[in-house]
Amino acid sequence: MNLKTERDGRVVTVRLHRPAVRNALSHDLMTELLDTLRPLDRDPAVGCFVVTGSDEVFAAGADIKEMANWGAAEMAAADYFSGWEEFAAFRTPKIAAVNGYALGAGCELAMMCDFVVAGESARFGQPEIKLGVIPGIGGTQRLTRLVGRAKAMDLVLTGRTMDAAEAERCGLVARVVPDERVLPEAIEAAATIASYGRAAVTAARECVDRALETGLREGVLFERRVFHALFATDDQREGMHAFLEKRPPRFTGR
């Protein structure tokens, strides 16, 4: 077992659990993670995922021992790492709760989530250059979009790590909290997200992601069309009438 999974209401927490190798991301761990979350992603009773590691390390990278003796042809034939894009594409919101090190593939996993809650002692980096390779699970692409070209070049080319305060300043991390508050803070945020209408949450995520891939004019038009479409949902009517009637809304996901 590479994972520990807990469910509390509409929130599912997945804890990476490979303590002997500092939660290194192996192919087996990826497969187990996808097999665990795939049916939950389709479950309308699930509203948010929280992905975390241990108190000392989120994930210290990919499993180097697993790939060290592979050749280029083998890597290409296996399309190594491609399975992680299924995780990134899950429609259920994902929050990374990071204590300790999130390096290499660990940093990339955190960036595949919708946002990161980090402990004060957390550290982030893409040190693959020190192994004679580069990030391979989207690190050069997602990091650049999140922190900008200059900071991404600094981290990718030097292999240095940055602390949580720097990560928050440059936009990699959404919140920095005391170490003991990381998981509770992430779960509280997840419960808040999960309490809202599923259609609106899905639409909001898609619109924010679209902002990274289109020009302003196209993005604003996409947002407007999605906004219009939400007026076909029961949750829109419930949310607005609840506001006018000064009562809590009762969202049903329809």
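**Helix α12**

I began with helix α12, residues 234-244, in this predicted model. Which of its residues are buried? I found Asp235, Gln236, Glu238 and Ala242 on that list. An α-helix has 3.6 residues a turn, so residues three or four places apart point the same way. I kept that in mind while looking along the helix.

Next I asked what the buried residues of α12 pack against. My answer was α10, which covers 198-210. Just after α12 I stopped at lysine 246, where phi is positive, at about 55°.

**The largest pocket**

How much space lies in the largest pocket? I noted about 1000 Å³. I counted 35 residues lining this pocket, and those closest to its centre are Met111, Cys113, Asp114, Asp209 and Leu212.

Then I looked up where the lining comes from. Helix α10 turned up again, giving the largest share with 8 residues. Several elements supply at least two residues each, including α4 (84-89), β5 (94-98), α5 (105-112), β7 (115-119) and α6 (139-147). By class, I wrote down 21 nonpolar, 3 polar and 11 charged residues for this lining.

**The second largest pocket**

I moved on to the second largest pocket, with a volume of about 450 Å³. It is lined by 20 residues, and Ile64, Met67, Glu128, Leu131 and Val133 are the closest to its centre. Which elements each supply at least two residues of this lining? I found α2 (64-67) and α5.

Terms used:
Residues numbered from 1 in each chain as written. Predicted model: local features only at pLDDT ≥ 70, side-chain atom pairs only at ≥ 80, totals over all residues. Heavy atoms only, no water. Buried < 20%, exposed > 50% of the residue type's maximum accessible area, 1.4 Å probe, protein only. Helix = DSSP H or I, 4+ residues; strand = E, 2+ residues; numbered from the N terminus. Contact = heavy atoms within 4.5 Å. 1 Å grid on protein atoms, 1.4 Å probe; cavity = no way out; pocket = protein on both sides within 12 Å on 5 of 7 lines; lining within 4 Å. Points joined across faces, edges and corners; volume = space filled by probe spheres on them. Nonpolar A, V, L, I, M, F, W, Y, C, P; charged D, E, K, R; others polar.
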